[in-house]
Amino acid sequence: MNIIETNKLTKYYGKSLGILDVNLSIKKGEIFGFIGPNGAGKSTTIRILMGLIGATGGSATIFGKDIKHFGPEIKEEIGYMPSEVFYYDDMKVIDLLRYSGSFYKKDPKVIESRIKELSDYMDLDLRKKIDDLSYGNKKKVNIIQGLLHEPKLIILDEPTGGLDPLMQQKFFDLLKVENQKGATILFSSHILSEVQKLCDRVAIIKGGSIIRVVKISSLADSIYKRIKLETVKPIDKKKFANLKGMGGFTMNGNSINFLFRGQINDVTKIIAGLNLKNMLVEEPDLEEIFMHYYKKRQ
Amino acid sequence: MNIFWREIKTYRGSTLFWTSIFCLIVIVFFMMYSSFSNDVTGLQKTLLHFPVAVRSAFNISMQSFFTIYGYFAYLITFVSLAGAFQAMNLGLGMLAKEDGGKTVDFLLTKPISRNKVITSKLIATVILLILTNIVFSAVSLALAAVFSTTSLNSTTFLLIAATLFMIQIFFLSLGLLLSVVLPKIKSIIAVSLPTVFTFFAIGAFGAIIGDENIRYINPFKYYDSNFIINNKTYDLKFVVVEAILVVAFIWISYLLYSKKDIQAIS
């Protein structure tokens, strides 16, 4: 059974398009990335799933239940972390977290120990007033309130902004632990390296439509390698003319730069005959892949 | 229950504030009552010089003004004006405060239906108003018992006191409705102040031109003190009018809010 399944999910804000015919199926135990530039429709999709806005077309199920009719029941098992965090200013961290926990059917003692455990791990002072917290610390409150009821589905809408790299790593580790315990994760971001680090599969969204859904691992396999060479003396371009699977060849003085996908031995044979100063073989990051898909579509 | 207690906690300060204001108005007015009731004939003469329109605008009835009931009904005019603000702020604040404080995302992504959110908040605010009114009525009745020169009929007196609650319920439900209908409420007072004053002005205006029908659209005039003093009950047709309006306001609020799009924070 798919944990999240959407069928031609569509949202118009008046006349302007939010998302169009979004089809997603996210499997149990998956860490699913949702990536696209700002305004592409990531938040719209997530807000529909969370019942904050209503779809104008299509349907969606979570845990096999229709989101329109089983909202509260579904949300019992979802941990949601929005990108912007706003809480009741007059509350202390502990009050807010207890208030958050009080909505769930879980045993208050379990929630209390989760709060303790998570706040220790995230290094957050529970006695402070929310109002007095720094942006990064508010984000930590956001993370803890989303995880304190041990949800089976974690939905994150650009949750990492404002976290320092160390804390971000801790946060990702935490998510991985939850994932190993069986939680499914939907992770939306416009930062590709984040998604690359964490996710199994990723949906690329632009202009309100899903362009592609791809496995992160297959992306890396099937994708071009970037090869950079620096020679002692300028060489004859023709040496590379018959190389199969090469693209984007540039030569600038002693530097050679090209993308390659094919038999790596073919490259090494040519390179073996050169007098090299330096050589780099790089995996292009998702950013490049991403641009690749966008360009293809256009 | 969690939302209920959260709401009670949020508003306990302001409820205490409003309750004190109401009690203060009653105390000040009743302190003046003894000197006022000593010279009834002199005052009656002075008041007769006032045009009828002015008298009715200020809810001064020559028939009953000089009794403790009439005097109390007169001061209730001011209390209910303030009370309308209290109620309307509560009604508007229920949902608008979550929206304005941007906590609405937090609340509505919890496992609770929107209808339950409104219900919890509605019960909490009604209870706050009931508490306000219990204190206000008790303080008023005690003061009246002390200052009244004649024997006091507590039924009549409490019926007049309870008009505050009746008016507040109207403005509570109107506030709730407006908070759902209006797109984005930046300041609650900016909505409640003109609304309450408009209703109050309509009432005063209606009394001046003497148009009876205007009473139907004005909660301040639903519970006429002379009628209560003479009949020891409310005018039933206005109770029905208010009940219909209140139920309609609340029902529409539930209906609209359950479908409302909660826009992302920008």
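**View 1. A:M246 and A:F260 face each other across two strands of the predicted model.** In this close-up of the predicted model, A:M246 stands opposite A:F260, which belongs to β13(A). The strands shown are β12(A) and β13(A), the latter covering residues 255–260 of chain A, and they pair in the antiparallel sense over 5 bridges.

**View 2. An open sheet of 4 strands in chain A.** The strands of this sheet follow the order β12-β13-β11-β14 in chain A, and their pairing is antiparallel. Because β12 (246–252) and β14 (276–282) of chain A each have a single partner strand, they stand at the edges, and one side of each is left without a neighbour in the sheet. On average, and with direction ignored, neighbouring strands of this sheet are turned by 10 degrees against each other.

**View 3. The parallel partners of β3(A).** Strand β8 of chain A, residues 184–189, runs parallel to β3(A) and is joined to it by 5 bridges; here A:F34 stands opposite A:S188 in β8(A). Strand β9 of chain A, residues 201–206, also runs parallel to β3(A), with 4 bridges joining the two, and in this pairing A:G33 stands opposite A:V202 in β9(A).

**View 4. The contact between chain A and chain B.** Chain A contributes 21 residues to the contact and chain B contributes 18 residues. On the side of chain A that touches chain B, the elements giving two or more residues are α1 (42–49) and α2 (71–75) of chain A, and α2(A) gives the most, with 3 residues. By residue type, this side of chain A divides into 12 nonpolar, 5 polar and 4 charged residues.

**View 5. B:S14 and its surroundings in chain B.** B:S14 has its place in helix α1 of chain B, which covers residues 2–38. This residue counts as partly exposed because it has 14 C-beta neighbours inside 10 Å, a number between the limit of 12 or fewer for exposed and that of 20 or more for buried. Although B:S14 and B:Q86 are 72 residues apart along the chain, their C-alpha atoms are separated by 8.4 Å.

Note on methods: Residues are numbered from 1 along each chain as its sequence is written. Chains are lettered from A and ligands numbered from 1 in the order in which they are written. This is a predicted model: local features need pLDDT of at least 70, side-chain atom pairs count only at pLDDT 80 or more; totals for chains, interfaces and linings use all residues. Two residues are in contact if their C-beta atoms, placed from the backbone, lie within 7 Å. Ala, Val, Leu, Ile, Met, Phe, Trp, Tyr, Cys and Pro count as nonpolar, Asp, Glu, Lys and Arg as charged, and the others, Gly among them, as polar. Two strands pair if DSSP finds at least two bridges between them. Axes are lines fitted to C-alpha atoms, for helices over the stretch in contact, and angles run from 0 to 180 degrees between N-to-C directions.
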